[in-house]
Number of protein chains: 4
Amino acid sequence: MAGTRQRNKDKLPVIIDAAKAVFARNGFYNSQISKIAKQAGVADGTIYLYFRNKEEILVRLFEHQVGSYILSLKEQLKQLDDARQRLSYIVDQHLQILEEDPDLARVFQLELRQPIAEIRKGIAPILHQYFQIIEDTVCLGQQQGYFDSELSAKLIRKIIFGSIDEVATSWVFSQKNYSLTSQAAQLIRVIFRGISK
Amino acid sequence: MAGTRQRNKDKLPVIIDAAKAVFARNGFYNSQISKIAKQAGVADGTIYLYFRNKEEILVRLFEHQVGSYILSLKEQLKQLDDARQRLSYIVDQHLQILEEDPDLARVFQLELRQPIAEIRKGIAPILHQYFQIIEDTVCLGQQQGYFDSELSAKLIRKIIFGSIDEVATSWVFSQKNYSLTSQAAQLIRVIFRGISK
Amino acid sequence: MAGTRQRNKDKLPVIIDAAKAVFARNGFYNSQISKIAKQAGVADGTIYLYFRNKEEILVRLFEHQVGSYILSLKEQLKQLDDARQRLSYIVDQHLQILEEDPDLARVFQLELRQPIAEIRKGIAPILHQYFQIIEDTVCLGQQQGYFDSELSAKLIRKIIFGSIDEVATSWVFSQKNYSLTSQAAQLIRVIFRGISK
Amino acid sequence: MAGTRQRNKDKLPVIIDAAKAVFARNGFYNSQISKIAKQAGVADGTIYLYFRNKEEILVRLFEHQVGSYILSLKEQLKQLDDARQRLSYIVDQHLQILEEDPDLARVFQLELRQPIAEIRKGIAPILHQYFQIIEDTVCLGQQQGYFDSELSAKLIRKIIFGSIDEVATSWVFSQKNYSLTSQAAQLIRVIFRGISK
DNA sequence: AATGAATGAGGATTCATTCAT
DNA sequence: AATGAATGAATCCTCATTCAT
């Protein structure tokens, strides 16, 4: 009804979704702009109406997905008073999101690790927001007397994020013949024991 | 004595060292073969007498460093009976090696994460040897009654490696105005608590 | 009127003509893509919008010239009933085309003889069409009772084509201080005598 | 008895034979010096004690084979008084030599056609000796009253050589499921008819 | 004479990006 | 806004050749 062409603002998410699929399938370096454009059903040049360059697609894909996730995460965490519940929720959701979207998992765990300054810098702000949420939760837990106050919240964040990240990466490399979220319970147990008073 | 041409044999380590420095300074993609050759004091073509292609340099650099490290690590671990001491030693050494060689740290924590199949596959065997050492140590600790036997050794390995790795990566990204090894004690403490009975 | 960028469509013949001139002047191996592009007034990369690789330029140059020649040749031959007239026309035209376009002659007689599989295979279909025309004409002449039916048409074709080809190649190597077509009459006389009843 | 190494002067023919085999198997451009050296059982550098460069190998291979053939050919021709017998012998032998040595045939009919000035110029003197033999024979035939004196001996030579050459090349390209020499009789018949009075 | 490790020039090709339409 | 033909920079790798041994 709306005509054969998409209306214009609709193209941004279309391109981002296309990029996610193409990056997941071919890797960043082997994902030519022309492939992404074809997958999105637009012309090569159209990509550049929405993105400055190829790196920005990866960065904005990250922002798009993680940015909105962080908003909803913050909302959810507000509902929970206990820092232990909050942390548990964070770990659970992190793994669940990746498990639900294998393309996203592949892009986040592998392709986003490009040692390209522009990409590293681009995702840093959002990533640090996420880090901050974890650190804040840890601090809350320390204030609530659940977590050991002698431990640096920043170090704990690294441990938590590093653990989740490695579990997720292993899963991406595996044949995915096991559930990622099934690892959440044990992972949380170890973390809690590790940082509790 | 010194002819215009270097004598053969000892070019391999020279090239590997040169590659480490150049990769650390410029990143893998911006490290042209000609740059590495110049740094090593050899001709471009000479590189290809020792390596099939650019990717192999990175892989062999990893093998070279980690391979020999694993050998000495195994020797050292034999000296220690207590799995807790062993694990402690592993974490300590891991961080120490990276701290002592910032170029190596940069290459390992950033450049080696290339989502290039050839590189991923190339480093996998050595990396898995290292993983195995950690898992074996964990299992030993479980047998010795120190670590919780209900936890999967593989999961624990992921937590341990993931934590170390994230701590190291953060350090590389930082201005390195703090000591990496100084984090070892707290890190080990958290891990031990997390996995103890 | 003329923008800075050429409009599309008519670049193919421009590139083919440029390639013919550059190949004739420098030989295939010494004709870098950049030379051809410069001669054609396009960018290096533009060549690859029209050709898969350098070899294909040579093949398509052959197809382009010979393909259309074969079409017109077939038309002309239809006008002639007598196989002797036809054969005479074939020889005449063959030499005339080369003489009229020395660049083409050089490319056909020398550069196209590259012992490169891709080139050999690429020109084979067209070349065999030409061979077929000669053989058909010979057969017709045998049916018309002009040519000796005991001789293999295929062998006669080899003799005819081989003779023309050698005459042409000699001319290309020479200073071209004699007319190529001037040899046609004697050549045809020898051939006719050779294959007549 | 003579030791494991060949005595020195023996290496020239060994290298030439190796080159012939390697060129025939891989083509000139894909026949790296190292391949030829390996096939000959010598070091790469040794090749350059006998040949100035790669092109010269091809040229000297030609000289080696054709030079000695021309000597023996001249001897044989002296035995024959009749120009027709002589010409017949030339054609026969030409085809026979190629049929007996498929590697040689491949190198002569394909690889030697390199449009490389150094090669073209290198083989020219020997090739022209051969051409001269044919032309001399034709002239003799004209003097003996067998061949039409109104035809240019040079043109006849081109027809004769071109025909043989095309027959030979076709055979090399074919699966060689037919005898090359079996074509000699018909070929000679056509030629004789073509140039007779 | 023989070796073979070392040299280094050279170029086809890709693909992110532009811009006339 | 959308197109997609055109651009052209940028580099890995090969391999003929050299020369210290």
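Mentor: By class, the lining of the second largest cavity comprises six nonpolar residues, one polar residue and no charged ones, where Ala, Val, Leu, Ile, Met, Phe, Trp, Tyr, Cys and Pro count as nonpolar, Asp, Glu, Lys and Arg as charged, and the others, Gly among them, as polar. This is a predicted model, in which local features need pLDDT of at least 70 and side-chain atom pairs count only at pLDDT 80 or more, while totals for chains, interfaces and linings use all residues. Residues are numbered from 1 along each chain as its sequence is written, chains are lettered from A and ligands numbered from 1 in the order written, and side-chain values use heavy atoms, leaving out hydrogens and water.

A cavity is a set of points on a 1 Å grid over the protein atoms alone where a 1.4 Å probe fits but cannot get out, and its lining residues have an atom within 4 Å of a point. The volume of the second largest cavity, about 50 Å³, is the space filled by probe spheres set on the points, which are joined across faces, edges and corners. Around this cavity stand A:Ile159, A:Val190 and A:Ile191, together with B:Ile159, B:Val190, B:Ile191 and B:Gly194. The elements that give two or more residues to this lining are α9 (184–195) of chain A and α9 (184–195) of chain B, helices being DSSP runs (H or I, at least four residues) numbered from the N terminus. Of these, α9(B) gives the most, with three residues.

Conventions
1 Å grid on protein atoms, 1.4 Å probe; cavity = no way out; pocket = protein on both sides within 12 Å on 5 of 7 lines; lining within 4 Å.
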